[in-house]
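Please read the numbered points with the model in view.

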Amino acid sequence: MVQKGKGSEHVKYKRFMRKKFCRFCAEKTPFIDYKDTRTLKSYITERGKQLPSRMTGTCARHQRELTEAVKRARNIALLSFMEK
Amino acid sequence: MNYYENIVILDAALEDTGIDAAEKRITDLIEKMQGEVLKHERWGRRKLSYEINKHEKGYYLFFVFKAPPEAIKPLEELYKVFDPVFKFMIIKLRKKEIIALQNSLQAIEAKAAEQPAPDAVPDVAKDVAADAVEGVAAPSGADA
Ligand SMILES: [Zn+2]
């Protein structure tokens, strides 16, 4: 009985988790454009740091591409390194 | 021949004639090095995300060109000594980016053939312009 209770609790907890998915895979984006600051901004904090993929659900390949795009955008001052 | 994408930031205080001259000097050099300019856009004056050499604003020029790899060095040398330019970035395009570029060039051509284009503003330029307005309107949004 006790075990059963635990099991249902686990299910309940799981119900609150929204399934994360990689937006770039879902949309079949051919490549991540460093000039598209609107998209990039949704993957950085308000301080300007990049969000970890465990929070955004981005897959490893696209997270790497995203990192490169963010770095390029920062280089040419489309994004900031740090927002004070 | 490689495909390159190049952003150049000019002094925002420059007059329009100065910008014309700078743009011409850059395209001339690319063509002199056997390159071909495929796209050039003016994103205009824009607030920089951070200060560069005491500049808070810059005039953004954007080029896409096809050129032999030997053309890049002279171009970088020009930017280093060319006074109106205070920041530049040249990026070599990869396969997927080249395919997307060719598609967009074809789309532009098809549109131009259909009707004399009423000075079409590219999507990216629109994005950037909207950004710039945002930046000016609420520069201290992140402070809170
Ligand atoms: Zn992905």
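1. The contact between the chains draws 23 residues from chain A and 26 residues from chain B, where contact means heavy atoms within 4.5 Å. This is a predicted model, in which local features need pLDDT of at least 70 and side-chain atom pairs count only at pLDDT 80 or more, while totals for chains, interfaces and linings use all residues. Residues are numbered from 1 along each chain as its sequence is written, chains are lettered from A and ligands numbered from 1 in the order in which they are written, and side-chain values use heavy atoms, with hydrogens and water left out.

2. Together, chain A and chain B bury about 2,100 Å², and 52% of this area is on carbon and sulfur atoms. Buried area is the accessible area (1.4 Å probe) that two parts lose on being put together, summed over both. Two salt bridges are counted between chain A and chain B; a salt bridge is a side-chain nitrogen of Lys or Arg within 4 Å of a carboxyl oxygen of Asp or Glu. A salt bridge joins the side chains of A:Lys35 and B:Glu5, at 3.0 Å from N to O.

3. Chain A contains five helices and zero strands. Helices (H or I, at least four residues) and strands (E, at least two) are DSSP runs, numbered from the N terminus.

4. Which protein atoms are the donors of the zinc ion? They are A:Cys22 (SG), A:Cys25 (SG), A:Cys59 (SG) and A:His62 (ND1), at 1.9 to 2.3 Å from the ion. Donors are N, O and S atoms within 2.8 Å of the metal (3.2 Å for Na, K and Ca); water is not among the atoms, so sites may look incomplete. The spacing of the donor residues in sequence is C-x2-C-x33-C-x2-H. A:Cys22 lies in the loop between helix H1 (2–15) and helix H2 (23–26) of chain A, and A:Cys59 in the loop between helix H4 (53–56) and helix H5 (60–75), so the pair ties together parts that are 37 residues apart in sequence.

5. Are these two cysteines buried or partly exposed? A:Cys22 is buried, at 9% relative accessible area, whereas A:Cys59 is partly exposed, at 24%. Buried means under 20% relative accessible area, exposed over 50%, and partly exposed in between (1.4 Å probe, protein chains only).

6. B:Gln34 is not a glycine, yet its phi is positive, about 65°. B:Gln34 counts as exposed, at 57% relative accessibility.
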